[in-house]
Amino acid sequence: MKIKAAQWAAPGQIRLIETEKPVPGPGEVLVRVESVGVCGSDIHYFLHGRIGENRLKGPTILGHEYAGIVEAAGEGADPSLVGRRVAVEPGIPCGACEWCRSGRYNVCEGMVFPGGPGVDGALREYMVAPAGRCFPVPAGMTAAVAAMIEPAAVAVHTVELARLRPGDTVFVAGLGPIGLLTAQVARLCGAAAVYGADLYPERVAAARAHGVDEAFQAAPGGMAAGARATVDWLFSRTGGRGADVTFDCTNSSDGILVAMHCARPAGRAVLTGISGAEEDPVPVSVARRRGLGVQWCRRFLNNYPATLALAATGRLDVGSLVTHSFPLERTQEAFQLVADYADGVLKASVDF
Ligand SMILES: [Zn+2]
Ligand SMILES: [Zn+2]
């Protein structure tokens, strides 16, 4: 049986195709996809066909932030999942390598990640997924919110890596969905003040409603240009001290610079953004002199249950970040909107 899918065909081009309906194998379930979020990482693939050295190998169905209804369970898969709406943790680690066995499956080098090189993603009517990676969502949680659990889990992992302490001052570079979710989670973890910066005035204006106390309109161009003003602003807000914890949630090389420059002596910087470059400049002398703790964030690590709990109680507001919704037929438009930062978009979702 054929199903509809939106397939990346070439840079800037997504086309509607028909593809074979997948069949759940042992331990897998069949998910009727209801909602797929458009991620910043998808936009790198959409525009350039690559993220750093990770290149799409040919036409590929993108999409990894997804939720849907389980319609069938394969052999050995938990049959009680059938009929449930689930948030799906997209990556499938090998389970056998040293990193998987030592509890760091998020850096598994054999990870099968849908919507990336060689693996079709969720922008199609049906997906199969391992039953163990499907998390039933509480009654009343919409599919669009359930799909947002994926980026929200990234934010939860980001903040967990920062080892935030009550009363810490926080700075977030980049106020897109990941940055705004990170700001909210930091607040939940006891941040006394959350500052942020973004290049887009709509995002600066929206930030206050999403957990940021004060946001700065940044300019691009590295420390010799726009980034310097952001650092000066943050230092003016923190009495010349810098922030205890900083986060890079941008898609630019500047985000790394700004996050590291804004951290106080012996502070911590967590780098979650994806610049798309294979190599980025790092301010080594600032990092060394201040003795910064610098940590990169790779996706998430066992964060779905906690993230679902935060979203279910409303303590973490993920729903209001979904500003635009498109049908599958208009996936190209959804991607173009996000790529253009048009119409005040935060998260665009494709809803079936
Ligand atoms: Zn994502
Ligand atoms: Zn592994």
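The legends below describe close-up views of a predicted model.

Local features need pLDDT of at least 70 and side-chain atom pairs count only at pLDDT 80 or more, while totals for chains, interfaces and linings use all residues. Residues are numbered from 1 along each chain as its sequence is written, chains are lettered from A and ligands numbered from 1 in the order in which they are written, and side-chain values use heavy atoms, with hydrogens and water left out.

**View 1. The two domains of the protein chain.** Domain 1 covers 2-148 + 318-351, and domain 2 covers 153-296. These bounds come from an automatic or database domain assignment. The C-alpha centres of the two domains lie 28 Å apart. Across the boundary, 16 residues of domain 1 are in contact with 15 residues of domain 2. Contact means heavy atoms within 4.5 Å.

**View 2. Helix 1 against helix 11.** Two packed helices are described by the angle between their axes and the distance between the axes. Here the axes of helix 1 (residues 40-48) and helix 11 (residues 331-340) come within 10 Å and cross at roughly 105°. Helix 1 is therefore roughly perpendicular to helix 11. Angles of 65 to 115 degrees count as roughly perpendicular, under 35 as roughly parallel, over 145 as roughly antiparallel, and the rest as oblique. Helix 1 contributes Asp42, Ile43, Phe46 and Leu47 to the contact, and helix 11 contributes Gln332, Phe335, Gln336, Val338 and Ala339. By class, this contact has six nonpolar, two polar and one charged residues. Ala, Val, Leu, Ile, Met, Phe, Trp, Tyr, Cys and Pro count as nonpolar, Asp, Glu, Lys and Arg as charged, and the others, Gly among them, as polar. Axes are lines fitted to C-alpha atoms, for helices over the stretch in contact, and angles run from 0 to 180 degrees between N-to-C directions. Helices (H or I, at least four residues) and strands (E, at least two) are DSSP runs, numbered from the N terminus.

**View 3. Glutamate 65 and its partner lysine 347.** Glutamate 65 lies in strand 6 (residues 65-73). Its relative accessible area is 1%, so glutamate 65 is buried. Buried means under 20% relative accessible area, exposed over 50%, and partly exposed in between (1.4 Å probe, protein chains only). The side chains of glutamate 65 and lysine 347 make a polar contact at 2.8 Å. A polar contact is a pair of N or O atoms within 3.5 Å; within protein, one must be able to donate a hydrogen and the other to accept it, and residues adjacent in sequence count only if both atoms are side-chain atoms. Not counting residues up to four places away in sequence, glutamate 65 touches Ser35, Val36, Gly37, Val38, Cys39, Ala147, Glu150, Pro151 and Lys347.

**View 4. Strand 14, with arginine 268 and alanine 266.** Strand 14 spans residues 263-271. Arginine 268 has 10% relative accessibility, so this residue counts as buried. A polar atom of the arginine 268 side chain lies 3.2 Å from the backbone oxygen of arginine 163. Beyond four places in sequence, residues touched by arginine 268 include Leu164, Asp168, Asp244, Thr246 and Gly293. Alanine 266 is partly exposed at 48% relative accessible area. Its phi is near 60°, a positive value in a residue other than glycine. Most residues other than glycine have a negative phi.

**View 5. Aspartate 343, with a positive phi.** Aspartate 343 sits in the loop between helix 11 and strand 17 (347-351). Its phi is near 55°. At 62% relative accessibility, aspartate 343 counts as exposed.

**View 6. Arginine 298 in its loop.** The loop runs between strand 15 (293-296) and helix 10 (304-312). Arginine 298 is partly exposed, at 40% relative accessible area. Leaving aside neighbours within four places in sequence, arginine 298 is in contact with Asn106, Val107 and His157. Leucine 271 is 27 residues away in sequence and 9.1 Å away in space, C-alpha to C-alpha.

View 7. With 38% relative accessibility, glycine 103 counts as partly exposed. Its C-alpha atom is separated by 8.5 Å from that of leucine 301, 198 residues apart along the chain. Not counting residues up to four places away in sequence, glycine 190 touches Arg165, Pro166, Gly167 and Asp168.
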